[in-house]
Amino acid sequence: MRNLRLNIRWKILIGYFLIICCVGASILVVSNRISSLQLEIETITSRDIEVHNLITTLRYNAVSMETSQRGFVITGTENYLEPYTRGKAEWEANYNTLYQYLSDDPSSRKSLEEIKITIQNWISEAGEPTIAMRKANNTQGIIDFFNEDTGKQQVDDLRIQLETLRQKEITSTKNHILDLKNRNDMLIISLYLMLIIVSIISFIIVSYVSGTIVKTIKDVVKTISEIASSSGDLSTRIKVNTRDEIKDLAEATNHLLSNLNDQYWIQEKVAEVATMNQGINDIPTLAKSFLTKLAPMLDAAYGVFYIRTGTGDQQRLVKSASYAAFGDETGHASFRLGEGLIGQAALEKRTFLLNAAPDHKVSLQSGLGKLEPKSILIIPFEFEGKVVAIVEFASVESFTSQHLKLLEQLESHFGVAINNVQGRMEVERLLSESQVLTEELQTQTEELQTQSEELQMQQEEMRMTTEHLEEQNLFAEQKTKELEKAKEELETYSEQLRRSSQYKSNFLANMSHELRTPLNSILILSQMLAENGNNTLNSDEAGYAKVINTSGNDLLALIDDILDLSKVEAGKMILTMDEVNISEIPEHMHLLFNPVADNKNLSFDIHVDANVPPVLYTDGQRLQQILKNLLSNAIKFTETGSVAMNIQNADRKDIQKYIPDQIDKTVLAISVSDTGIGIPLDKQQLIFEAFQQVDGETNRQYGGTGLGLSICNEFTKLLRGRIILDSTPDKGSVFTLFVPSLPDMEKEQLVTLNQEVAAAVETKLERPAVVSAPDIVDYTVTEATEYEGQLFKAKKILLVEDDSRNIFALVKALENKGMNVTVANNGKQCLELISKQTDFDLILMDIMMPIMDGYETMKAIRLDSAIKHTPIIALTAKAMKSDREKCLEAGASDYISKPLNMDQLFSLMRVWLTKQVEH
């Protein structure tokens with residue numbers, strides 16, 4: 001609708017149309033009301049007349065029956081019974097018709113029912129009995145009846161009842177007539193009011209339509225008057241919001257004003273340039289002033305001025321001045337006629353405008369960097385048909401037609417100015433030469449006399465200058481040496497930091513390998529002993545084996561914690577952002593911690609507010625790691641009472657206080673509270689540092705390394721959240737985790753911890769899991785079946801391992817499954833065995849080995865066509881992020897981390913051996 005164009009004629013027609021619509025609507029309403037009133041008058045009139053007639057008829061029927069009855073009783077003539085018989089037949093029909101008219105009035109309906117009963121009683125008690133006695137000539141019975149004459153009282157009552165009903169209906173008719181009169185008066189008042197309203201609406205419509213037209217015209221006239229005044233501003237524009245002929249007039253006027261403003265601007269700038277030329281007596285000053293004055297007018301960021309010099313074949317265009325030039329990029333020093341665009345413009349006396357100059361040599365230099373010009377403008381200036389100068393401008397924006405018109409006006413004027421300056425320079429040169437010749441003759445003698453004195457003074461000055469320069473050079477050399485020394489120190493420090501970081505990474509990787517290698521055999525053998533498959537151990541010995549296995553898993557968890565903390569500190573911990581289902585968190589936490597809480601007789605509850613969003617966009621693995629650590633600590637440090645977790649939306653004040661940069665995000669407040677030992681105020685910051693606990697007694701009583709809260713704190717920072725502690729000693733603690741939803745963060749496809757260490761054993765509260773290579777379907781550990789026994793039986797396994805402890809543990813475990821194991825102590829022995837025997841069903845390859853490591857060995861195996869399709873499972877004690885990718889790139893079919901969980905290893909072997917069988 002905003003783009004709809006309505007001219008003045010249409011506005012007037014629409015106004016008239018709206019007025020006619022209002023009048024028509026009023027007429028329709030009034031006509032409808034009059035018709036309704038007329039209909040009600042006719043209805044009431046016809047009804048009331050009919051009701052009165054029916055009452056009269058009913059009264060007539062009753063009187064006719066009574067008269068006919070008395071006449072028949074007196075005379076005994078049957079003719080007297082005709083009115084009685086007719087009245088008896090008609091009165092009930094008249095009664096029913098009257099009853100229909102009056103049935104909507106309860107009092108009238110009651111009166112009619114009484115009249116009916118009275119008539120029926122008279123017929124049954126007076127009319128019919130007397131007629132029957134007269135027909136039977138029972139004169140005495142008739143005399144006795146009329147002595148009592150109960151019928152007369154009934155007829156009198158009937159007359160009174162009918163008269164009362166008739167008077168009531170007359171009163172009702174009068175009331176209806178009075179009501180119609182009142183309504184008629186209201187109709188007249190409504191008519192007047194409607195007429196007034198229609199008039200007001202019509203006046204508003206007329207005022208609005210005329211106002212929009214007149215106001216717009218007044219605005220246009222006012223603006224034109226202001227512009228036409230002596231102090232009028234040609235940049236003023238007429239603003240019209242309507243879309244009609246007046247807007248067309250305003251736009252045409254604005255276009256005229258734009259042209260006049262452009263012309264005025266050109267004249268003003270030409271006058272400024274002409275004024276600038278006054279008092280200048282040399283070409284370089286003229287060129288510099290011209291560029292300095294004209295470049296801002298043209299919005300140019302670069303300019304060069306070339307003056308024409310020489311005669312004949314020696315004519316050249318020599319650079320005289322530049323604007324905003326930087327360094328060596330000041331343009332060519334000179335051009336011959338026809339050489340380059342500068343020379344060609346002088347030769348053809350033609351202006352060049354280039355609106356695309358991507359390969360232009362000149363770049364526009366500012367304090368922040370360099371800009372490439374978007375448009376190049378080359379203008380020749382003439383005097384008496386001869387080009388006397390060429391000016392080149394460059395701009396980051398395109399030159400406009402207004403700029404070109406300004407230059408057209410300046411071409412002839414500035415050519416004259418250049419010629420005048422050159423003439424003055426020639427006159428001054430000649431005058432100076434004559435003066436110089438005269439003065440030279442006069443001063444030669446004086447110069448000869450003073451030359452010796454000047455030479456002596458110059459020698460002294462040169463000596464002093466030389467000494468000063470030597471001092472400056474010495475000072476500069478000292479400063480240079482100091483700067484070089486500082487630079488070397490910074491480079492050395494930087495290299496030390498880099499080496500330190502590299503040493504730390506190498507140390508952690510090697511530490512992981514050296515710890516996991518012996519830990520591998522401990523866990524494998526202790527697991528085998530704990531399972532007691534051959535029933536060779538008693539219950540105590542099996543318990544000892546379980547304790548060894550549990551302690552090994554605890555040591556593995558400690559190694560993983562140290563690696564996690566080192567990754568965070570090195571900035572190598574990368575988040576995997578995804579949608580986290582909030583409703584799954586309570587279920588998972590109950591599953592993990594209910595057995596532990598029940599074991600300590602603690603109450604464990606989780607509450608989720610109803611208004612919590614169903615989904616939170618964050619790193620779900622790190623979030624669960626934080627919550628599990630907080631709940632594990634709460635249960636560990638609580639002997640009696642309860643542990644609770646509450647999930648709710650964070651209060652806006654808390655967000656502003658603790659994580660103000662997330663104020664516009666959805667933030668959850670997840671609090672873990674307990675009734676445990678509590679934490680003193682002076683220790684509440686200490687516990688978030690690595691390897692720190694409240695005190696030595698806590699460490700001895702409850703165990704632990706002090707890494708959990710430190711890792712939680714670092715993970716929370718990565719999630720852009722905050723952990724707040726509120727604790728009172730001997731009463732309990734409340735850890736509140738503020739974690740924001742980060743839907744705007746990039747969702748990175750990362751290798752998670754479970755993918756880095758495919759078969760890593762999780763903490764005591766988690767179940768182990770195995771992650772396969774990317775092209776293999778995920779599977780979980782299941783119990784050994786008869787099929788598994790048949791699958792493993794007599795399979796030939798090549799074990800490449802340099803550690804004798806691991807060899808012993810693995811060989812025992814594999815042979816217990818019925819497999820035949822061949823051992824190679826390094827990669828070279830492995831290749832030698834393969835060259836002699838290639839019928840191995842599966843290869844278990846250690847990575848870190850002497851002579852030839854696992855990577856080189858797997859690459860060599862994949863080049864051997866006889867065994868390149870044999871599955872290879874890589875075994876490594878390293879747990880760094882890139883180990884898995886390196887193994888798969890080297891040729892491994894799958895990957896598992898030490899220390900090995902034998903159920904996981906058997907699960908991997910079952911998958912790949914099954915594939916071998918299928919192939």
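1. A search of the whole structure finds zero disulfides, a disulfide being a pair of cysteine sulfur atoms within 2.5 Å. Such a link is a covalent bond between the sulfur atoms of two cysteines. Cys21 is partly exposed at 36% relative accessible area, whereas Cys712 is buried at 2%. Here buried means under 20% relative accessible area, exposed means over 50%, and partly exposed lies in between (1.4 Å probe, protein chains only).

2. The model is predicted: local features need pLDDT of at least 70 and side-chain atom pairs count only at pLDDT 80 or more, while totals for chains, interfaces and linings use all residues. Residues are numbered from 1 along each chain as its sequence is written, and side-chain values use heavy atoms, with hydrogens and water left out.

3. An open sheet of five strands shows mixed pairing in the order 10-12-13-15-14. Its edge strands, each pairing on one side only, are strand 10 (603-608) and strand 14 (722-728). From one strand to the next the twist averages 10°. Helices (H or I, at least four residues) and strands (E, at least two) are DSSP runs numbered from the N terminus, and two strands pair if DSSP finds at least two bridges between them.

4. Strand 10 and strand 12 run parallel and are joined by six bridges; Ile606 has Met645 in strand 12 as its bridge partner. Strand 12 (residues 642-649) and strand 13 (residues 667-674) run antiparallel, with seven bridges. Met645 is partnered there with Val672 of strand 13, and Gln648 with Ala669.

5. Helix 11 (residues 584-599) lies across strand 10 and strand 12, at about 170° to strand 10. Helix 12 (residues 620-636) lies across strands 10, 12, 13, 14 and 15 (732-740), at about 20° to strand 13. Contact means heavy atoms within 4.5 Å; axes are lines fitted to C-alpha atoms, for helices over the stretch in contact, and angles run from 0 to 180 degrees between N-to-C directions.

6. The whole structure holds five aromatic pairs, meaning rings of Phe, Tyr and Trp (its six-membered ring) with centres within 6.5 Å; planes under 30 degrees apart count as stacked, over 60 as edge-to-face and the rest as tilted. The pair of Phe593 and Phe604 is edge-to-face, because the centres are 6.3 Å apart and the planes stand at 65°. Phe593 belongs to helix 11 and Phe604 to strand 10, 11 residues apart. Phe593 is buried at 1%, as is Phe604 at 8%.
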